Amino acid sequence: MARHTMLSCFLPRACSPLFCLWAVVLPVVSLNSLNHHEHQDHRPKLLLVSFDGFRWDYIDRVPTPNFRRIMDSGVKVEFVENVYITKTYPNHYSMVTGLYAETHGIVANEMYDPTLNLSFSTEADSLYESRWWEEAVPLWVTVQKDGGRSGAAMWPGSDVKIHGMFPTRYLQYNASMSFEYRVERIIEWFSAPEEEAVDFGVLYWEEPDESGHNLGPQSPLMDAIIAGIDEKLGFLMDELKKAGLYEEVNLIVTSDHGMAQLSPEKIIELDEYVDRELYTWVDKSPVVGILPREGKLDEVFGLLVDANPNMLAYKKEDVPLRFHYQHNTRIMPILLEAKEGWTIMQNRSGPFMLGNHGYDNTLRSMQPVFVARGPAFRQNYVKTSMRSVDLYPLMCHILSTRPLPNNGSLLNIQDLLSSQPAASTPTAAHPPSPPKLNRVPG
Ligand SMILES: *[C@@H]1O[C@H](CO)[C@@H](O)[C@H](O)[C@H]1NC(C)=O
Ligand SMILES: *[C@@H]1O[C@H](CO)[C@@H](O)[C@H](O)[C@H]1NC(C)=O
Ligand SMILES: *[C@@H]1O[C@H](CO)[C@@H](O)[C@H](O)[C@H]1NC(C)=O
Ligand SMILES: *[C@@H]1O[C@H](CO)[C@@H](O)[C@H](O)[C@H]1NC(C)=O
Ligand SMILES: [Zn+2]
């Protein structure tokens, strides 16, 4: 891709990237109407990091000096409302699309699509079938279509071909690859020669989710796991510094969801209420998709609706609107939702975990951490609340990439930025997507 050094934009860090864009866009547009991004040598850089299952309050549980360092020199959001269901795949895809699960189509970790008559599981090859992912376009694809480059160290979906593209640089998912190895690749991609360097990076780590499931979040053994994540964050920060990227890269550290404590005393056994022959069990606890046998919907629903005081049963069309979890064929006709801390099983013989997530996204225990720093962000600023879908328009803004239609709102979240977009956004040439004020902000 031709990149015109003539129009390069060397800016002091205090200058907003969009002001830079403003300065560049006008002459380019008036000269030849080409896409301004092809003429931008120094795109702002952004690295999005997810520590799976890092609950919002873990940072206050043990000393986490590296999280503190980011907050002191950047921002923190206290309440992050993620998307329903509060599982790993739906939420990671929401972060990079700005869409609720019903719209991006990754509605659960385990799915059945009745139109395709196919099943999806994050533990099977179906994970790599593009069609499951193509109801949305992840940010790395949009950045690349826009002339930029992206690098993915194992974000869910990032090793799948989506709308014909992989990230420019990416790692095939391999749980055995160390955090340090993943960080080294990301650093390598960010610090490549200018015409190869990535602008947008995503980095994923499986912990503390795995330990949270096994030990339960209340276990004192979780303290060491959380301290270990803080050390890993410290490693990432050190490597960014060594590569001279720490002041240049906008770093967002967040997670997909929190974790609730379970108990073997709190098990709901479906076999007590309904014959297994009457339905197919699609997704796992605590939000279970139930596909009744042909013609058995009302019978199965009738057996489940008041079956257990710790379990809610919804017909798909009655799922509360605030969940934004109805409008997709991959959402099953009946949805069972356990109350916080409860586990739904068919009988007790299956594997049991001490921690889980997936519950109502307004439960505090389900919510993730959110901190960020870098030239685009304010310093030492604490914001009360955001929705995780707002992250997408924020990232598009930072990357000077035009967002696709989404469920987020830059307006709700722009106070995190060091310079407010309104003052410098070239609205005539690039109108921002209209804010969706369908919820009282703050
Ligand atoms: C769905 O696929 C299964 C095989 O996985 C097959 O047995 C079944 O007949 C198919 N159902 C329909 C309605 O096509
Ligand atoms: C996964 O990573 C481990 C550790 O680096 C390596 O030994 C193994 O060969 C990798 N597996 C695959 C399939 O690449
Ligand atoms: C529980 O379910 C499993 C299959 O998931 C079955 O093999 C087992 O017999 C059941 N146990 C009881 C006590 O019904
Ligand atoms: C979310 O955004 C998509 C794309 O603009 C739109 O189709 C959908 O209706 C939105 N959902 C809600 C609940 O507003
Ligand atoms: Zn998990």
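User: Is strand β12 mostly covered or mostly open, and how many of its residues are buried?
Analyst: The model is predicted. Strand β12 spans residues 287-292. A residue counts as buried if 20 or more other C-beta atoms lie within 10 Å of its own. By that test the strand is mostly covered, and the buried count is 5 of its 6 residues.

User: Which residue of β12 is the bridge partner of Y279?
Analyst: Strand β11, residues 279-281, pairs with β12 in the antiparallel sense over 3 bridges. The two strands form a hairpin, with 5 residues between them. In β12, the partner of Y279 is P292.

User: Which residue of β14 is the bridge partner of G289?
Analyst: β12 also pairs with strand β14, residues 334-338. That pairing is antiparallel and runs over 4 bridges. Within β14, G289 has as its bridge partner L335.

User: Which are the edge strands of the open sheet of 8 strands?
Analyst: The strand order is β6-β5-β7-β1-β8-β17-β2-β18, and the pairing is mixed. An edge strand pairs on one side only. That holds for β6 (169-170) and β18 (381-387).

User: At what angle does α2 run to β17?
Analyst: Helix α2 lies across β2, β8 (249-254) and β17. Those strands belong to the open sheet of 8 strands. Relative to β17, the helix runs at about 60 degrees.

User: Are α2 and α8 parallel, perpendicular or oblique to each other?
Analyst: Helix α2 (residues 65-72) packs against helix α8 (residues 222-242) with axes 7 Å apart. The angle is about 55 degrees. Angles of 65 to 115 degrees count as roughly perpendicular, and those under 35 as roughly parallel. The helices are therefore oblique.

User: Which residues of α8 make the contact with α2?
Analyst: From α2 come P65, N66, F67 and R69. By class, the contact has 4 nonpolar, 2 polar and 2 charged residues. The α8 side is D230, L233, G234 and M237.

User: How many residues around ligand 4 are charged?
Analyst: The shell consists of L99, Y100, T103, H324, P405, N406 and N407. It divides into 3 nonpolar and 4 polar residues. The charged count is none.

User: What percentage of the residues of the protein chain count as buried?
Analyst: The chain has 10 helices and 18 strands. Its length is 442 residues. The buried share is 48%.

Technical notes. Residues numbered from 1 in each chain as written. Chains lettered and ligands numbered in written order. Predicted model: local features only at pLDDT ≥ 70, side-chain atom pairs only at ≥ 80, totals over all residues. Near = placed C-beta within 6 Å. Nonpolar A, V, L, I, M, F, W, Y, C, P; charged D, E, K, R; others polar. Axes fitted to C-alpha atoms, helices over the stretch in contact; angles between N-to-C directions. Parallel < 35°, antiparallel > 145°, perpendicular 65-115°, else oblique. Contact = placed C-beta atoms within 7 Å. Buried ≥ 20, exposed ≤ 12 C-beta atoms within 10 Å, placed from the backbone. Pairing = 2+ DSSP bridges.
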